Amino acid sequence: MSHGYVNPQTQAVIDGLGERNLDDVSEQSIEVIREAASQLFTQLGPPPADIFKEEYIQVPGPAGDINCLTFTPTDPGEGKLPVLLYFIGGTFSHQSAKELGGTPSVLAKQANCIVVIPEHRIPPENPFPAGFEDCFAVYRWLLDNAGEIHGDVNRIAVGGGSSAGTHAAALCLDAKEAGIRQPVLQWLDVPFLDQIGEFPSIHEMSYLVDRASLRWGASIHFGHDRWQEWGLRASPLRAPDLTGLAPAFITTAELDPLRDEGKAYAIRLRQAGVPCTHICYEGQIHGFSGMGGVIDEGLMFIYQAAGVLRYAFDKAAA
């Protein structure tokens, strides 16, 4: 089905999805999808940025230490840098932070912040909520210990794309429930915010992902198809009270099945008094922000997101 304008560079990516075994995700095995997804953003992402340091650290978690890949843009010296806790999306596919390609290092350099990426437990071997609990554990650790990596405990943002956006949004809800400090910003990129929602876009759009692949991915991620048991960590959009959450930057893509739920969450946050900026990128598909090596607008988007992060960090410092 034609939906009007498609960015020409993005159309070239769409045309090549069949060769990558990503044109019909719900018909593929998890092993095939993992292999295809592991190559997608490493091959299509921007070249890694020249940064001061890239290293792994270990953070205590509920099931043992969590490997976290960190990117430090400059030598912090005696100072402290803000921190972006950046989650891995892909629902069931990405096993390593390395599979995000050059995008995290570009974010670190352009936002002048330390990017921390937890390699959390993944399904189906470790179904929900294992991955989320790892992500939340790293956030709690950073609130007390970011100084160990030269990070500023008072300037921590969270973010991620697709199912990583689910984790980032759910983290803010859990932080509120636990009575701990909110991030200075929640950046939700093409987020999956309602695992059972039937918005128009999920029926209209089928570029890269479609309704069938999203539903299949959700059942893999949450371990079963009894959606009534998934709770608000799976569908933050259904939370009854969104007051008091971190300011939000929500980015959606016009040709993404998840477009409408991102917009709906922005509306609900604003109605709850939460500062929220929502931008929808015309002619773009789910995940385009990780394809900045071949889609110019994808790299431009990362620079724009970095600018929003710098603003949030500067405001928190003031």
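Me: Which residue's side chain meets that of Glu-198 in a salt bridge with an N to O distance of 2.7 Å?
Reply: A salt bridge here is a side-chain nitrogen of Lys or Arg within 4 Å of a carboxyl oxygen of Asp or Glu. This is a predicted model, in which local features need pLDDT of at least 70 and side-chain atom pairs count only at pLDDT 80 or more, while totals for chains, interfaces and linings use all residues. Residues are numbered from 1 along each chain as its sequence is written, and side-chain values use heavy atoms, with hydrogens and water left out. At 2.7 Å, N to O, the partner of Glu-198 is Arg-211.

Me: Is Arg-215 buried or exposed?
Reply: Buried means under 20% relative accessible area, exposed over 50%, and partly exposed in between, with a 1.4 Å probe and protein chains only. Glu-198, at 41% relative accessibility, is partly exposed, and Arg-211 is likewise partly exposed at 32%. Because its relative accessible area is 18%, Arg-215 counts as buried.

Me: Which residue forms a salt bridge with Arg-238?
Reply: Arg-238 is partly exposed, at 46% relative accessibility. The closest N and O atoms of the pair are 2.8 Å apart, and the partner is Asp-194.

Me: How many salt bridges does a search of the whole structure find?
Reply: The pairs described include Arg-238 with Asp-194 and Glu-198 with Arg-211. Over the whole structure, the number of salt bridges found is ten.
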